[in-house]
Amino acid sequence: MPEASWPREASAACGAFARRHGWKLALLFGGMLLPLWGFLELADEVHEAEAIPFDEPVLAFARSIAGAGLDRVFLVFSQAGYAWGVVPFDIGLVLVLLVLRRWREGLFAAVATGGSALLNIATKQLFSRERPSLWESIAPESSYSFPSGHAMGSMTLAMVLVLLAWPTRARWWIVAAMAVFVPMVGLSRVYLGVHYPSDILAGWAAASIWVAGTWLLVMRNGRDGRG
């Protein structure tokens, strides 16, 4: 009977949709909706100029473990996380994809990385959050603090690489490398006293939202790299 068969048909249709678009739904939820909620919560606290409970205790702990050895390690990760690592790698990645005539993937990488940088600049100006001043940093910064450009840049690059490599055997190597690199860049900025932990979390969230949205927009018709 039609009345009895429609639940099975609906279930089959939902199952087929999930099998075909499940990864896109996961990317939408994990890459956009959850980070968006987190970013808005943090942004609201910053906008209201309210102290975020975990910010200063984490900074104080970072200061308490400071030493010459950790200084060197975190300075390296801080430098690699932006001007001396992420930025030139972003440019090189886009150029390589274009040379290989991977037009759509090159467009995705260019929009994701370039747009993330512009978004960070605009957001910093919007919130105008001053940087921490609990101690004199060995790597001082003069721009605004929220969200962290290093956190956004490193997370953006990580997501771009993982998404591009996902159909290949290299994906788990890239996931493993980025699972170390991204947190270490974020921790370096807190350790150096130039960002609140909430700046880092907001940077990661903003990058996730931007890259996931860019992927779904640019690559929505599949991985036809030469199309």
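**View 1. Glutamate 48 sits in the loop between helix H1 (2-47) and helix H2 (55-64).** Welcome to this predicted model; here we look at the loop that joins its place in the chain to a charged patch. Glutamate 48 has a relative accessible area of 45%, so with exposed meaning over 50% and buried under 20%, glutamate 48 counts as partly exposed. Together with Glu41, Asp44 and Glu50, Glu48 forms a negative surface patch.

**View 2. Arginine 101 has a positive phi, in a residue other than glycine.** The angle to look for here is phi of arginine 101, which is near 60 degrees. You can find arginine 101 in the loop between helix H4 (86-99) and H5.

**View 3. Serine 128 also deserves a look, with a positive phi of about 50 degrees.** Like the residue in the previous view, serine 128 is not a glycine. Its place is the loop between H5 and H6. Is serine 128 buried, exposed or partly exposed? The relative accessibility of serine 128 is 30%, so this serine counts as partly exposed.

**View 4. A cis peptide bond leads from phenylalanine 146 to proline 147.** Omega of this bond is near -5 degrees.

Notes: Residues numbered from 1 in each chain as written. Predicted model: local features only at pLDDT ≥ 70, side-chain atom pairs only at ≥ 80, totals over all residues. Heavy atoms only, no water. Helix = DSSP H or I, 4+ residues; strand = E, 2+ residues; numbered from the N terminus. Buried < 20%, exposed > 50% of the residue type's maximum accessible area, 1.4 Å probe, protein only. Patch = residues over 30% accessible without salt bridge, like charges linked within 9 Å, V, L, I, M, F, W, Y side chains within 5 Å. Areas by Shrake-Rupley, 256 points an atom, 1.4 Å probe, with all protein chains shown as cover. Salt bridge = Lys/Arg side-chain N within 4 Å of Asp/Glu carboxyl O. Lys, Arg positive; Asp, Glu negative; His and termini not counted. Charge placed at Lys NZ, Arg CZ, Asp CG, Glu CD.
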